[in-house]
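I opened this model to see how its chain is put together. My notes follow in the order in which I looked things up.

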Amino acid sequence: MARLGQALRVAETVGLPPAPKLKKEPSKKRQRNAGMFSSELQPANPVAVAALRLLMFTGWREQEALTLQWSDCKSRDG
């Protein structure tokens, strides 16, 4: 859990490099595709990081989180 938390912090602040097999050189044939596959570090999508943290801290499966309704979150006291 600690290593995953650390990886998520790095991903959202510094960014992570693309997977080695997905790293591509810029296209020389088509100029408009020249910057499409950048190998630079880019911060992760903050919504994706938050979703991973939600699943990690609650222990829910993906479908449990996706099908959650507001009525499931209301207080049972009133």
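I took a contact to mean heavy atoms within 4.5 Å. I then looked at contacts with a separation of 6 or more in the protein chain, and residues 24 or more positions apart account for 61% of them.

The model is predicted, so I note the limits: local features need pLDDT of at least 70, side-chain atom pairs count only at pLDDT 80 or more, and totals for chains, interfaces and linings use all residues. Residues are numbered from 1 along each chain as its sequence is written, and side-chain values use heavy atoms, with hydrogens and water left out.

**Entry: whole chain.** I looked up the secondary structure, with helices (H or I, at least four residues) and strands (E, at least two) taken as DSSP runs numbered from the N terminus. The protein chain has 4 helices and 0 strands, in the pattern α-α-α-α along the sequence. I took buried as under 20% relative accessible area, exposed as over 50% and partly exposed as in between (1.4 Å probe, protein chains only). Of the 78 residues in the protein chain, 10% are buried.

**Entry: helix α1.** I checked the length of α1, residues 2-13.

Which residues of α1 are buried? I found G5, L8 and A11. They cover an arc of only 125 degrees around the axis, which puts them on the same side of α1; the arc is that of the directions from the helix axis to the C-beta atoms. An α-helix has 3.6 residues a turn, so residues three or four places apart point the same way. On the other side of α1, I noted A2, R3 and T13 as exposed. After α1 comes G15, with a positive phi near 105 degrees.

**Entry: α1 and α2.** What do the buried residues of α1 pack against? They pack against α2 (46-58). I listed L4, L8, R9 and E12 in α1 as meeting V49, L52, R53 and M56 in α2.

I fitted axes as lines to C-alpha atoms, for helices over the stretch in contact, with angles from 0 to 180 degrees between N-to-C directions. The axes of α1 and α2 come within 10 Å and cross at roughly 165 degrees. That makes α1 roughly antiparallel to α2.

**Entry: A48.** This residue, A48, is in helix α2. At 39% relative accessibility, A48 counts as partly exposed.

Note on methods:
Angles under 35 degrees count as roughly parallel, over 145 as roughly antiparallel, 65 to 115 as roughly perpendicular and the rest as oblique.
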